[in-house]
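Biologist: Before we discuss the packing of the helices, may I ask you to display the model?

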Amino acid sequence: MLFENYDVIVVGAGHAGSEAAAAAANLGSKVLLITMNLQTIAQMSCNPAMGGIAKGQIVREIDAMGGYSGIVTDKTMIQFRMLNKSKGPAMWSPRAQSDRVMFSNEWRRKLEMTTNVDFWQDTVVGLLVKDKRVIGVKTGMGLEINSKSVVLTNGTFLNGIIHIGEKSFGGGRMGDKASTGITEQLVELGFRSDRMKTGTPVRIDGRSINFEKLIEQKGDDEPGGFSYFEQPKLKQQRSCWIAYTSLKVHETLRTGFHLSPMFSGRIEGIGPRYCPSIEDKIDRFAGKDSHQLFVEPEGWDTIEYYLNGFSSSLPDYVQVKALRQIEGFENAKIFRPGYAIEYDFFPPEQLFHTLETKLINNLYFAGQINGTTGYEEAAAQGLMAGINAHLKVREQDPLILGRAEAYIGVLIDDLITKGVDEPYRMFTSRAEYRILLRQDNADARLTEKSFKLGLASKERMDLFVTKQEKIMILIEMLRSVSVDPNAVNGYLESSGTSLITAKQKLANLLLRPQLSLTGLLEFLPSELKSITSGYDKAVLESTEIILKYEGYIEKEKEMADKLARLEDVKLKLEFDYHSLQSLSYEAREKLSEIKPSTLGQASRISGISPSDISVLAIFLGR
Amino acid sequence: MHFDFQNNDTICALSTAPGMAAIAVLRISGEKTFEIVNKVFRAKSKHFSIDNAQSHKAWFGSIFDGEEMLDEVLVTIFRKPHSYTGEDIAEISCHGSVYIQQQLFGLIMKNGARPATAGEFTMRGFAHQRFDLAQAEAVADLIASNSKTTHELAIKQMRGGFSDKISMLRQGLVDFASLIELELDFAEEDVEFADRNEFYRLLHEIQTEIKVLTDSFQTGNVIKTGIPVAIIGKPNVGKSTLLNAILNEEKAIVSEIPGTTRDVIEDTIIIEGYNFRFIDTAGLRDSEDIIENMGIERTYEKIKQASIILYVCDLASCKGESAEEMLEEFRSFIQDENKHFILIGNKIDMMDEIPGHFSEMVELETIFVSAKRKENIQLIADSLVKSVKKLNLNADTIVSNARHYHALSKASEALHAVEKNFREGLPTDLIAIDIRSALHYLGSITGQIVTEELLQNIFGKFCIGK
């Protein structure tokens, strides 16, 4: 036998597949990672960046649980920014530009260092299924490899078609073959599949860009990172640049519209509303004279640049002509044009919260195959699918994260409950309890849970416990130490806030928006100051947020608790909703299809009205 | 509280008040309704068949238990979904003897129905989406209504005016909240979707509406529980006698001993369709008696709660200094603009004529009566009705439900924070927390937001048979 019987086979080694393989293997499963090309593990097929609003929080969560995306990003980033610092802490979002090649190499190194992960370069063309249970895969080389579970992370490769203007050809990504066979077999097994579309912009030769005409966007003065493990901080960073389209650019792009596969109807897939192509933006926001573009370097020492915001599937010559009308790009040369790609996905209502399919046991889907977009969303699903595949094989209880617990919980619950009608991307607005799901406290939310599972390491857990202790001590100090008006009024005046007339607790003063924790720490008695002087930035940041925004945090906690009661009402998966005549017809259909596991989940299904929920609640005798 | 919907089982209850009456109505609802009716009912008309009988029509015939005839009845049929519960319903009007009621009820049970629990008919109507929560609550109010005003109020709410208004307010806020969220989602790009001035306008509009609604709660509450009328005055001026005269029955203990009424006595009476709740009080005086003092204290409490106050004085003993004192006390009372004070000059039976020194009283629109002889009592009734008409009972929407009032107040509180924080330039993601909270409370009124406490709250209130 060429292969042993694996616990988990992961098909695809993108962001989802890599996290899935790492998680299952670190938990102790024997894992085989199969990919068409072992040189492009965790390839950044689109822009060379991780994080951003809501997505940065996801990467922090993955890290808190012991996934690798955060560590790999920290090791390979060339610029770091904390977005939205002027907003409340729920919105603070880490974002990093990475060196594309280093990112991929680092991921491969990480996986190679993971015991229990085997590699195999091949194409999976079918699944081995017996009695509604997956028992392995068939490959393009004609091999049958057995396993107790399979995680499919096929990305954009299933029947992928690339479009550039009137040209189109099969492919899973520029330069890679598409994958066929899996969709057809799954449909035969009873799965529903549909088409989706996404796109990517041109890559430009940096030597041909006139940067003097662009606006520089530097990294943070004190760059942070994604991982809760301390990483060496960036000593130097590369800048991004901002450019703008003009009416003239728009006119030029319009001349190619009749040749666009989007407008001519040759693409059937649904495109992303949130990351639209430039032609989509011009068409939809006809009143807007200019759109913002970000010029992002692809690595430390490459001349290749990525033009974020200029995604297009117009003919290459139209793309270049329009590009050269943008200020700063008059003489631009390109490495390759933008293109659109169309691919198969499986509407995710066909999954359980574990990402296991409802139809075939031990088969898991993660990433773009579920209709999502984004490395972070894919990685999060991969992590959860890897964890749950392992737990299922070991006959242990699944791990499901709640909506008040993690963006990952929101992501998966949204997918399987509401389905997707366009590529799904995470936003902070999708979370009901945004201020509970902050980037600073992902460890407090998830690390202990993951440690108990056996995924987060002892080292990580110790680090977390130490941090929590320090936060507690600091909070206690600030709540008990009062300052004298004489001592503090000078500082208050210089900070532009009103003076105090009687002694006040430091925690109270911290509530004032004008005052910061570092400023107030100066007023601790010297014996306490010496204790806190060694506290790192992360401890100070979390402490400050907890105290400053306590009122808001408590408010959301209260709301979450109130609604959690509906989450606690379990529904039977095999309940016959058609027998509940009081439900609307649509509700009966939807509930039968989605099989919600709680009343709370049922309430989030589109087409389920509050009165349907009342009927269910009443039926359950609540 | 458990309702078994799965089998759509059939429920039955007496819908009229228990006890003997001219007629009684039994209501049956559920899948087996017509099957049961078919077993026990023989229509007079030969053309009648339960499957073809027209909906919303009454049929004359007899009820049989086997071969034994029980009663002649009218059966009204309502086919689903056009019925109160949204299910098949039959209402059987029988003669109102308690025996017949019991026999008929037992017969229907025997044939496959089960007794309905409190509120179950309405619960089913709600479950079949015949009406929303606020409307369901209005049904409970309608049943409980005992006067023209409570009835009008309930009817308005049942028709959905209140729900419509709340939904409309909420929708405006939802629209704005989604713009704010959009801004947050695209915070990295140069966008501002939500027009701040437009938002202030919207907030102001919603707050104004909510204020009108919460203000109306006092009125609504007054209507539901009766307009409180306190009868106050010095001991032994005849307050209890006056109350008795108004109620036209001997409710309060009347005696010649001052301070007889030690506690507060309440009773309600409907005058021209308005429900008044009269409160007889202990006489106001300095007393050594602990119990009496407690009564006096309670009197002041009641004065606070009353909308209308009848200040009674004894004309016969009200002379010189004591008259001055009394008038002074009365004037100090009428400073309160929220209450309507009426001065009652009692015991005209003891006078030959209204003495001149009461001319000042006349200016205060005093009503001169004899409680003992029930003279001029009608004048008091007229005056009460006139002052009630000044209350704004004709507003489109009046909040009469404590749950609604609470939710509206909470929503208003949250919106107040929203506006304040916007003006102070707080980050919008924090403001969004208060917006979400306001949406939650508004949605909980009509049931757009379902919480457990809400469901428990509503349906226990109904009497069985509704």
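Modeller: Axes are lines fitted to C-alpha atoms, for helices over the stretch in contact, and angles run from 0 to 180 degrees between N-to-C directions. Please note that this is a predicted model.

Biologist: At what angle do helix H1 (residues 15–27) of chain A and H9(A) pack, and are they roughly parallel or roughly antiparallel?

Modeller: The axes of H1(A) and H9(A) lie 7 Å apart, and the packing angle is about 30 degrees. Angles under 35 degrees count as roughly parallel. The two helices H1(A) and H9(A) are therefore roughly parallel.

Biologist: Is the crossing of H2(A) past H9(A) left-handed or right-handed?

Modeller: The axes of H2(A) and H9(A) come within 9 Å and cross at roughly 30 degrees, and the two are therefore roughly parallel to each other. H1(A) passes H9(A) in a right-handed crossing. The crossing of H2(A) past H9(A), by contrast, is left-handed.

Biologist: How are H3(A) and H4(A) oriented to each other, oblique or roughly parallel?

Modeller: Helix H3 (residues 69–76) and helix H4 (residues 100–112) of chain A have axes that come within 9 Å and cross at roughly 135 degrees. Their crossing is right-handed. An angle over 145 degrees would count as roughly antiparallel. H3(A) and H4(A) are therefore oblique.

Biologist: Which residues of H4(A) are met by A:Val72, A:Lys75 and A:Thr76 in H3(A)?

Modeller: The residues of the contact of H3(A) with H4(A) divide into 4 nonpolar, 1 polar and 3 charged. In H4(A), the residues met are A:Met102, A:Phe103, A:Glu106, A:Trp107 and A:Lys110.

Biologist: Why is H10(A) described as largely enclosed by the rest of the structure?

Modeller: H10(A) has 12 residues and reaches 16 Å from its first C-alpha to its last, close to the 16 Å expected. Its buried residues include A:Tyr407, A:Leu411 and A:Ile416, and what covers the buried residues includes H2(A), H9(A), helix H19 (585–594) and helix H20 (599–603) of chain A. H10(A) is largely enclosed because the number of its 12 residues that are buried is 10.

Biologist: Which residue just after H10(A) takes a positive phi of about 70 degrees?

Modeller: Positive phi values also occur in residues other than glycine: A:Asn84 has a phi near 65 degrees, and A:Lys132 has one of about 60 degrees. A:Asn84 is in the loop between strand E4 (77–83) and strand E5 (93–98) of chain A, while A:Lys132 is in the loop between strand E7 (124–130) and strand E8 (133–139) of chain A. The residue just after H10(A) is A:Gly419.

Biologist: In chain B, which residue is joined to B:Lys80 by a cis peptide bond?

Modeller: The residue is found in the loop between strand E5 (68–78) and strand E6 (89–95) of chain B. Omega of the bond is about 0 degrees, and the partner of B:Lys80 is B:Pro81.

Notes:
Residues are numbered from 1 along each chain as its sequence is written. Chains are lettered from A and ligands numbered from 1 in the order in which they are written. This is a predicted model: local features need pLDDT of at least 70, side-chain atom pairs count only at pLDDT 80 or more; totals for chains, interfaces and linings use all residues. Helices (H or I, at least four residues) and strands (E, at least two) are DSSP runs, numbered from the N terminus. Angles under 35 degrees count as roughly parallel, over 145 as roughly antiparallel, 65 to 115 as roughly perpendicular and the rest as oblique. A crossing is left-handed if the near helix is turned anticlockwise from the far one by less than a right angle, and right-handed if clockwise. Two residues are in contact if their C-beta atoms, placed from the backbone, lie within 7 Å. Ala, Val, Leu, Ile, Met, Phe, Trp, Tyr, Cys and Pro count as nonpolar, Asp, Glu, Lys and Arg as charged, and the others, Gly among them, as polar. The expected span of a helix is 1.5 Å times one less than its number of residues. A residue is buried if 20 or more other C-beta atoms lie within 10 Å of its own, exposed if 12 or fewer, and partly exposed in between; C-beta atoms are placed from the backbone.
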